[in-house]
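Please look at the model before reading on.

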Amino acid sequence: MNYIQRLSALVLAGILALGLLCAPAAAAEESDMLQVLALLSIMNGDENGDLALDRAVSRAEFAKMCVAASGRTDLGGQFAGASAFPDVPAGHWAAGYISAACQNGWLTGDLEGTFRPDEGITLAEAATVALRMLGYTDADFTARWPVSQMALCRELHLNEHISAGQEENLTRRECGWLVYNLLSTPCKDGTVYGVQLGYALDAQGEIDLLSLMSGKLEGPLVASADWTGQIGFTPRQVYLNGQASAPAEILPYYVLYYQEDASVLFAYSIRHTGTITAIAPDTTQPQSVTVGGVSYAIGSAQAALSLSDQGEFRVGDVVTLLMGRGGQVAAVRSAADLEETLYGVVASTGRTAYASADGSQYMSDYADVIAADGQTYRIPTLDDNLDEGTLVSVSYGQSRTVSRLQERSLSGTVTEEAIGDLALSPDVSILDVWENTALSVPVSRIAGCTLGSGDVRYVGYDQEGRIDCLILDDFTGDLHQYGLLTGSETIPTGAASFLSSYTCMVSGSETVFSLDRVSFPVSTGGVQLRYQDGSLYRMYNLDRAAVDETGENWITADGQRYTLSDSVQVYLRRNGSYYLTSWSAVRDTRDYALTAWYDSTDSHGGRVRVVVAAAR
């Protein structure tokens, strides 16, 4: 069987099995891709850290990326001064990389014997290079170029996250994704390309960023005001909590990891504050610490020393944990020294025993507070009248103070840097609250949205007047569950009583809700489900949209664009039944008629929650 026949068989088998597909593992984030490529010196920013992701890539620049991706960064130097093409003089900045790429058979010149170093590189050209790096040769393809090459590129998912057509030039972002995908793709001999180079894969089959960091980074260090003096250089590329940032955003007490050769810095501003209630397994060799009712793994020798029997902190002390990569404790500081303040909502209250510093126990009321960092902390409190759903602040100075927040609001359009005319702190915390439940929200989730005064319950400011805490009033809708209502009926059970039954598909499973003398004014289609004390008490219909166009994570309907939820439920409707599938499997509107249900428009925080596909 030749390659084209084999590919056709695979496609046919995939179509037959489509209705039985489960949703795939979460796709890699762009920030993951950029961090991996920065660590491997494949793609870095300019002297100001600007990655210029939307700029087109020249053939010369792509040659350099390929050499870096091969794990042989020395090849560029070995071939420096060499020139195999009349339009690439020996003094050209990329002459060594072009010669190295051509010598290895990855790139070639044109029929006129020139390389065209300043021209853009198309998807078909770049995909062919990637396949050559995986060990494929022209003899492996029977159809005219680039038909077979593009078919194999799609089969291997090398084009994931790339929207360019095969004859269109690639941007730096798209070249980055191609190289990132290459690293986790099997070679012709079956060995994953990145594994051949000595890199580890994570559970999703992507390059393991944490493992890569462990082998290539110095740190952790706790930043001082002169943190560039601590690491000995000013990095060109900075990542703060996994997102591209700038050196000016790095503040004291951030945890730093760095690599001077790649001129890259990874910083983390995440902190957790509370009372130490346990150090495990013991203080001779601490491996984890429990603070505020949450257990954290210890990730550095300095943190372990601070919590050991030779360190300064004991059970009963109020501390701030400075968190590093992998969500592990990198360092420990006194909460009073940092004067930390937590903001959040009371999830529940109670009374329990606490251990004091001398080992004795005492009883105290407590409040479980969902803080703006998304963690739930158990806070001892003298106020036994705190109700569930109350907004509170917890201040740690010379003493701990739990206070009810005086609600205050604001309005304006959100960007990554500001809300209206008010700047956002680089480590702003955003919490979306509904009753006594809450969810930590990244700025990117609400960027582009317009907040009204009724959407915000609290706003806090840092010493420079920037917003450092924002508590929303059920703005995103992400706190609720969604499903596809497929049927309902009302059954009389007496003169004035009845039983309502609602059949829903929820995350791929059929669920039947039976309610005594309760009914909801809903029709079949996408629905929002609201629970109280674990039981369904409200059901609302979502808005319906007939899909015109689709993208990687969006649809359009009647000229309006809607973004898919990260947890969107996609169903294939076949013979009256619904099967959970994936968005990528059904998003081609030539093959499927798509109907979407959304809770609100993008500008008001909404997302597409449910999509149903029917074969045309």
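A disulfide is a pair of cysteine sulfur atoms within 2.5 Å. The model is a predicted one, in which local features need pLDDT of at least 70 and side-chain atom pairs count only at pLDDT 80 or more, while totals for chains, interfaces and linings use all residues. Residues are numbered from 1 along each chain as its sequence is written, and side-chain values use heavy atoms, with hydrogens and water left out.

**Cysteines**

The number of disulfides in the structure is 0. For C449, the closest cysteine sulfur is that of C469, and at 18 Å it is too far for a bond. Two cysteines are buried (under 20% relative accessible area, with over 50% exposed and partly exposed in between; 1.4 Å probe, protein chains only).

| Residue | Relative accessible area |
|---|---|
| C449 | 1% |
| C504 | 0% |

**Sheet and helix**

Helices (H or I, at least four residues) and strands (E, at least two) are DSSP runs, numbered from the N terminus. Two strands pair if DSSP finds at least two bridges between them. An open sheet of 5 strands has the order β1-β4-β5-β2-β3, with mixed pairing. Because β1 (218-222) and β3 (243-245) each have a single partner strand, they stand at the edges, and one side of each is left without a neighbour in the sheet. On average, neighbouring strands of this sheet are turned by 30° against each other, direction ignored. Axes are lines fitted to C-alpha atoms, for helices over the stretch in contact (heavy atoms within 4.5 Å), and angles run from 0 to 180 degrees between N-to-C directions.

Strand β2 (residues 237-240) pairs with β3 in the antiparallel sense over 3 bridges. Y239 has A244 in β3 as its bridge partner. Across β2, β3, β4 (255-259) and β5 (264-268) lies helix α2 (residues 30-39), which runs at about 135° to β5.
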